[in-house]
Structure formats: structure tokens, C-alpha cells
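Subject: Structure handover

Hello,

The structure is attached below, followed by notes on what was found in it. Please read the notes with the coordinates open.

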Amino acid sequence: MSGIVNNDILLPAIQREFVWKREAIELMFDSILRDYPINTMMLWNINNIKQQPLDFYSFLTPQFRYGVSKNTQYNKSAANVGNKLIVIDGQQRLTGLYIGLFGSFSTQKGQPQSLYIRIDSKATSNDRFFDFRFLTINKVNSLMNAGQTWFKMSDLPKTTNIFLKYSSLANNVFAMNLLRKLDSLLDGYDYLNYYDIKGYNTIDDALEVFTRTNNTGTRLTKGDLLLSILTTQWANKKNENARDYVSDIITEVAKIGYKIDRDWLIKCCLVVFSSNIQTTVANFSTSQVADGIFKNRVNFKNSILASFELVRNGFDILEKGLTTKLAIIPIIYFIYKHRLWGTVNKAQKGHNYNANANKQNYRNSIRKWLFRSIVQNLFDASTDDILKKVKLIIEQYSNRTYFPFAEIENQYPEISNANINYTSLLDTPKAQAFPILNIIYSGTSFLNHNYTYDVDHMHPEYQFQKSQISSIVFTTPADENPAKDGITYNCVRNLQLLERGSNRSKNKMPFNKWVQAANNPQQILNCHFIPTTSYDIKDFKTFIDERSKLLENRLKIMLS
């Protein structure tokens, strides 16, 4: 705690902010007093912090306000030459201890609450033994007036004889055992364990340590460290903080409906601003990249947001359907290079995929690139190689305002129309079916971006259990085979996207009854690409064969 107060223990810029809530701190203190381990922390021992091209932050002040308190940047220029301990893993635990022993916790509008422990009795809650609680002064006074005995944990460092303070409880065995634990708590030797990383004094050494850290907290990645370097390089830029800039992009993309992380954003930065797109410290720490991002930060951010808006509103691809966000990066580069961020989503409203419309031509090419990258799993391997080659193709055709899909297709024949196996796509099992179904439903009026969709069996799964399927008299022997093969019922041919509430209400309802019960059965047939045929389970093969034709035709339209 003294090291935290004196800034001898610091946080690297890669660390997330403090996110624990009061209950987590209470439970940690309960664990400590119960002699439970709270896991080993990892601290990086730096000999000369001035030599590190990284930003570091002080711990939060112990008077913590949730959602308001922020870490302040540590001034390395004023630092004494000497060792500093940098917290690689353990920030949440150390901050929680600091708040509990020296401060208070409050919500944005709430009163400060200090951590108290009840001395005279154990907790009544099942999830803890010792009764730790964050309480306001009024609440603790009310409990004390009711005859309970509570001790404020921030008084512990200032209390010289805790037994004398509670001599009236000398005959209370629980209280005396608790006081002995509290009296020895600040020794710390039995409670806090940490691994001291020594001898790593370069950025590359630190990068190796950071990327291999995978303890109980959030995994630290290359993107975390590289963005810390960017933060340092932006330190002299007035009113601009790279950390806030990156967080803002991630937040804005989340509002559109997608999750991106720092690693993805780093790769995007390298593709747009660097001649070498490998994720290394050397490539990212050049002034070309740092200055390029800074000078073009507004346009770059707008290109990212416009690309995700296009994917969402133009192509109807949902978060679960976007199996590779790497495929978005060439789209961002194209939009950025041609300065299309203000027009790409205004080219033509609605879902008109007419390739002959000039304003829509590059949108159609982008759509083909995205959809085929998804269904053909283009980014399963050789990520950097693909991004580099696609970037070069876009650059070669930079004098034309169209997305060069045909040229990319020539480079990667695996995404050509001739190499799409539609039978295989329709055979995709439920666990991997969402992206295929998302593309099938794309461009229809069915999808509503405000809803959550599930993958649902049309003919319900339970009907294909042995106990059920054996009692069905099929129309023909041929209808029996796909119903009993244990595969067909669970693939795209028998699957649909259904809004979560509708899916739960549908539950185990037989398919024919579900169609009949619809307010508008014809609308159901149109929305879900359902053929006009028998929907009874006894005619399962006929239904599957006819729906497969509709789905294959739909996929051919959407992928070409």
C-alpha cells in the first residue's frame, strides 16, 4: 500500500480501468480472512522508467466514485532513476485492497460508503463467512444502535490495539478470533503473493511478457501494448489522448452493433497507415504510423464507422453473422482511400443489389467480397498475407472509384463463384449455421436490427429423437431416411432465424401447426423461404428437397 501511495507501484497504459463493484471487494476481504488464496499477482521490475517509451498511470485515489474516478498519468520526466514495479496482473485486487483499507466507494450520485466488518457475529449470507459490507455512516450508526458491533476497515492502519478497543467482547469466541486475524492483516506476508519479473528492460521483452500473461484477469495482448506506445507518441499532441481515441472508436462501433478489440484496431491501423502490416513494435512505433493516424484520425474513425454501418444497414449482417471482422479492414481501407465515409451509406437506400446501377456498383462488389469471405472462411489462415495482397490490389486501382472484387477474386480463386459448394453450405450444422442463414435473410424485410435472433429448427428437434421418430408413419420409405440420419434435421435445410421471443413461444410446436397458427401464414412462408408443400413430419424429405432449392437459389443471388 505504501508503494501505491508513493507511486513506486504503477500501472501500464495497457491496463483496463478498475471495474470491480463493491461486492467483489467485500468477497476478496472475506477470502483473505478465511485464508483462501487470492491468486498470485505479476509485477514487472523496471530499473529506469525514464527509458521506457510507454505511458504509466498512478493507482486511483482511494476515495473511489464508480464510473467517475480516473487514473492519472504518471510524469516520467520527474521520476527519480530507480526501480518501479509495474502491475501486469493484479490491478483489480490491489485497487480493491487500497479502497477498502484507506478509502471509500460511492456511485456517481450516491454517498461515500466505507468498508466495515461486523465484529460480534459472522455473516448471515450464504456466500461469505465474515460480514464485510460497504456502508454509509448513517447506515452503520443505525446498525450499531440496534446492538451490533461494526469496525471501519480504514481505521485498521491507525489502530494500535484493536483488542483494547473491543475488550467488552472478550468472552465472544468468534470476535476474539476475528480480532486476531485483523491484528495480523497488515503484515501481509500470508495473504499477498506476487511474481517479480526481473531483467526485462526493453519494449520487446515487455511485449513477450504481456502477451503471455493469461491469469484470472483480462488477457493482455500485443494490441494493448502497441496502443500504449501510440499513447506515448501522442503525449505532446494538444488535447488528444490515443487511449481515449481508441476507446471511443470501440464504443461507437459497439453502438452500431459490433464488438471489436484493440488487436483488431491495431491491425486496421497498420493496413491503412503502414507499408508493413505485421503486428510488431518496430512497425507500430514509427512516426509514419503514429503521425498518420493522428493527422487523419477523424477521417480514419469515420471510415471505420461508415464501414460497419454499411455492413449492418446496407447488408444486414449481424454481429453473430460476422464470423471474421478482418474482412472489414479492406473495406475500411477502400472507403478511407476514396474518401467515401460520407457517401457510402447514402448511395442508395434500401436493399437494391442491382449491379448495373452505377452508384451501387462498388457496394455490390464490397458485398460480394464480404459474403464470400464469410462463407468460404477466407481468413482462417495467412491473415497478414491476404490483407497485404488485397491492400496492394486496392492501391493498384486507386484511380477508379470501385472496389476491385474481380481482381481480388483472380488472386484468391477460393472465393470465386465457381468454387462455392452450395450443397456443403446447406449441410452446415446448427452450431455454425448463423452466418449462412444471416446471408440468406440479408436484404429482406424480416430482419430487424433491434431484435436478437436464434437459430431455430423448423421441424422441432425433439421430433427426431429415437423415442419420437420411431412412432411416425412416413408417406414413403424415402421420407424416412433423412428424418432418421441424425444430420439433415440439424442443418441449414431445416433451420431458420427466429426472433428470440418468438422462438421461445414456438418451443416444441410441430412445424405444420406453427405455420397454421401464424396470423399471416403466407408472410411466414415468404419470410423464411418455405416452399408450398406438406409441412407434416411424415413428408420431411419432400419438404427438405423443396426448401433446399429455394435456399440454394437465394444463396446464389446473395453471393453473385
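In H14, the buried residues are Ile328, Ile329, Pro330, Ile331, Ile332, Tyr333, Phe334, Ile335 and Tyr336, where buried means under 20% relative accessible area, exposed over 50% and partly exposed in between (1.4 Å probe, protein chains only). That makes nine of the 10 residues of this helix, which runs over residues 328-337 and is mostly covered. Helices (H or I, at least four residues) and strands (E, at least two) are DSSP runs, numbered from the N terminus.

Some conventions before going further. This is a predicted model, in which local features need pLDDT of at least 70 and side-chain atom pairs count only at pLDDT 80 or more, while totals for chains, interfaces and linings use all residues. Residues are numbered from 1 along each chain as its sequence is written, and side-chain values use heavy atoms, with hydrogens and water left out.

After H14 comes Arg339, with a positive phi near 55°. Arg339 is a residue other than glycine, and its place is the loop between H14 and helix H15 (358-375). Arg339 counts as exposed because its relative accessibility is 56%.

Phe529 also has a positive phi near 55° and is likewise not a glycine. Phe529 sits in the loop between helix H24 (521-527) and H25. Is Phe529 buried or exposed? Phe529 is buried, at a relative accessible area of 14%.

H25 (residues 540-558) also packs against another helix, H19 (residues 434-441): their axes come within 9 Å and cross at roughly 75°. Axes are lines fitted to C-alpha atoms, for helices over the stretch in contact, and angles run from 0 to 180 degrees between N-to-C directions. H19 and H25 are therefore roughly perpendicular to each other; the classes are under 35 degrees for roughly parallel, over 145 for roughly antiparallel, 65 to 115 for roughly perpendicular, and oblique for the rest. From H19, Ile436, Ile439, Ile440 and Tyr441 meet Arg547, Leu551, Arg554, Leu555 and Met558 of H25. Contact here means heavy atoms within 4.5 Å.

Two further residues are partly exposed. Asn296, in the loop between helix H12 (287-295) and helix H13 (297-314), has a relative accessibility of 25% and so counts as partly exposed. Leaving aside neighbours within four places in sequence, Asn296 is in contact with Phe273 and Tyr336; Tyr336 is one of the buried residues of H14. Asn296 and Phe273 are 23 residues apart in sequence, and their C-alpha atoms are 9.7 Å apart. Lys181 belongs to helix H6 (residues 173-185) and counts as partly exposed at 22% relative accessibility.

Now the chain as a whole. There are 25 helices and 12 strands, and the C-alpha trace spans about 90 × 65 × 40 Å along its principal axes. Of the 560 residues, 52% count as buried. Among contacts with a separation of 6 or more, 73% join residues 24 or more positions apart.

Regards
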